[in-house]
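Me: I'm new to this one. Can you walk me through it in short steps?
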Amino acid sequence: MRILMIIDGLPGGGAEKTVLTLSSGLIEMGHQVSLFSLRRACDYAIPEGIDYQVVQDTCKKPWRKLTEIPRRAQLLDHAVKLAERSGKFDVVFSHLHKTDRIVAHSRTLSRDKVWFCVHGMFSFSYLRHRSGLSRWFKHHKIRHTYENRNVVAVSAAVLRDLSDTLAINLRRKTVIHNPFDIPEIQRLADAPFEMQGKDYIIHVGRFHEHKRHDRLLRAYALSNIDAPLVMMGNGTDDRIQQLKQLAAELGIENKIIVRPFEANPYPWIKGARLLVLSSDCEGFGNVLVESIICQTPPVSTNCPGGPSEILTGDLARGLSEMNDESLAATLADIYAHPPIVDSATISSFGINAICQQYVALVDNQ
């Protein structure tokens with residue numbers, strides 16, 4: 001089978017990592033995978049065997065924003081036509097909303113073959129702070145992109161948000177959780193790293209307001225955990241400086257370690273006493289699964305999205321309410337009384353079963 005993955009760049013993020021993992025798994029199954037990145041941004045190594053191409057928009061005209069989507073769709077169509085000289089794509093998977101908007105404008109890609117892989121909660125990330133005409137216009141753009149389209153949602157919560165909350169009629173719809181290369185993650189987790197053998201807790205995620213690092217810092221201060229907090233991720237200098245200032249105000253600046261994103265965060269995750277997410281929303285929550293695979297107990301706000309679908313059984317003790325006090329109490333409890341992460345829980349997130357579900361989408365067309 002010939003498969004095309006499309007994404008608007010590969011900076012360090014969960015959806016981007018998922019695309020690469022999924023592509024690798026499909027190649028292992030014997031399929032041909034092409035990956036078109038619509039920007040040069042790339043913080044990951046491209047796995048062997050992937051036909052990787054950058055379809056870069058180089059327009060510098062002052063009015064470029066007004067024509068961006070149709071212009072980039074034309075560039076994509078040109079790249080697809082060139083690639084299909086050696087055979088048509090059997091299925092196309094588009095990842096992330098900016099990509100989806102561009103793909104929806106394509107005149108080359110068949111609507112029947114395209115699946116939009118939705119990784120986030122639109123009602124939260126795009127509409128929460130909007131009202132009036134601004135909200136209507138944004139909702140209209142989302143509807144225009146996904147109406148009567150094929151959609152793969154990474155969690156049941158994401159699918160409900162799109163089809164029920166936003167009332168968008170979908171042509172075909174399904175939920176497929178994100179895939180994880182368990183043996184590879186466990187192999188990478190054994191690499192040496194700076195804080196090996198030291199006691200600490202960790203947060204891994206970009207420094208964005210949705211991740212609520214402010215809540216994390218306040219909860220950490222309230223938890224009275226002696227071990228330092230490592231915060232690993234990319235973000236603007238201004239945002240990082242704001243968080244450092246908050247840490248100083250809370251009197252915990254000497255216990256906070258801020259580190260840039262690393263292509264292999266797994267040794268850091270494996271070496272931690274626990275991993276914590278403090279988000280207002282998570283489409284799925286890849287890092288929670290990665291923590292489970294590394295046998296590090298995860299803690300997360302029970303926010304809209306995937307965390308409650310991931311943290312089940314005894315791991316559900318790691319779910320907190322979305323406030324400082326509850327997150328602090330959960331941190332302290334899991335730090336002192338960590339749940340056992342069993343092998344059955346780990347294996348349920350394996351790559352092969354997930355890839356089979358993607359292939360079945362084509363078989364059932």
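Me: Let's start with H3 and H5. At what angle do they pack, and how far apart are their axes?
Reply: This is a predicted model. In it, H3 (residues 97–104) and H5 (residues 132–146) pack at about 60 degrees. Their axes are 9 Å apart.

Me: What does that make them, oblique or roughly parallel?
Reply: Oblique. Roughly parallel needs an angle under 35 degrees, and roughly perpendicular starts at 65. The H3 and H5 angle is about 60 degrees, so the pair counts as oblique.

Me: Left-handed or right-handed crossing?
Reply: H3 passes H5 in a left-handed crossing.

Me: Which residues make the contact?
Reply: From H3, His97, Asp100, Arg101 and Ala104. From H5, Lys141, Ile142, Thr145 and Tyr146. By class, the H3 and H5 contact has three nonpolar, two polar and three charged residues.

Me: Tyr146 is aromatic. Which rings is it clustered with?
Reply: Ring pairs link Tyr146 with Phe116 and Phe122 into a cluster.

Me: How many aromatic pairs are there in the whole structure?
Reply: Nine. One of them joins Phe93 and Tyr358. That pair is edge-to-face, with 5.1 Å centre to centre and 85 degrees between the planes.

Me: Where do those two sit in the chain?
Reply: In distant parts of it. Phe93 is in strand S4 (residues 91–95), and Tyr358 is in helix H15 (residues 351–363). They are 265 residues apart.

Me: Is that pair made of buried or exposed residues?
Reply: Buried. Phe93 has a relative accessible area of 1%. Tyr358 has 3%. Buried means under 20%, so both count.

Me: New topic. What about H8 and H13?
Reply: H8 covers residues 213–223 and H13 covers 324–336. Their axes come within 8 Å and cross at roughly 55 degrees. H8 and H13 are therefore oblique to each other. The crossing of H8 and H13 is right-handed.

Me: Which residues meet there?
Reply: On the H8 side, Arg215, Leu216, Arg218, Ala219, Tyr220, Leu222 and Ser223. On the H13 side, Asp324, Glu325, Leu327, Ala328, Leu331 and Ala332. The residues of this contact divide into eight nonpolar, one polar and four charged.

Me: How many of H8's residues are buried?
Reply: Eight of its eleven, so H8 is mostly covered. Among the buried ones are His213, Asp214 and Leu217. Arg215 and Tyr220, which take part in the H13 contact, are buried too.

Me: What follows H8?
Reply: Asn224. Its phi is positive, near 60 degrees.

Me: Now some loops. Where is Lys88, and is it buried or exposed?
Reply: Lys88 lies in the loop between helix H2 (68–83) and S4. It counts as exposed, at 59% relative accessibility.

Me: What is Lys88 in contact with?
Reply: Arg2 and Lys113, leaving aside its neighbours within four places in sequence.

Me: How far is Lys88 from Trp136?
Reply: 38 Å in space, C-alpha to C-alpha. Along the sequence, Lys88 and Trp136 are 48 residues apart.

Me: Last one: where is Pro265?
Reply: In the loop between strand S10 (256–259) and helix H10 (266–271). Pro265 counts as buried, at 8% relative accessibility. Leaving aside its neighbours within four places in sequence, Pro265 is in contact with Val204 and Met232.

Me: And how far are the C-alpha atoms of Pro265 and Glu290?
Reply: They are separated by 9.7 Å. Along the chain, Pro265 and Glu290 are 25 residues apart.

Terms used. Residues numbered from 1 in each chain as written. Predicted model: local features only at pLDDT ≥ 70, side-chain atom pairs only at ≥ 80, totals over all residues. Heavy atoms only, no water. Axes fitted to C-alpha atoms, helices over the stretch in contact; angles between N-to-C directions. Helix = DSSP H or I, 4+ residues; strand = E, 2+ residues; numbered from the N terminus. Parallel < 35°, antiparallel > 145°, perpendicular 65-115°, else oblique. Left-handed = near helix turned anticlockwise from the far one by under 90°. Contact = heavy atoms within 4.5 Å. Nonpolar A, V, L, I, M, F, W, Y, C, P; charged D, E, K, R; others polar. Phe/Tyr/Trp six-rings, centres within 6.5 Å; stacked < 30°, edge-to-face > 60°. Buried < 20%, exposed > 50% of the residue type's maximum accessible area, 1.4 Å probe, protein only.
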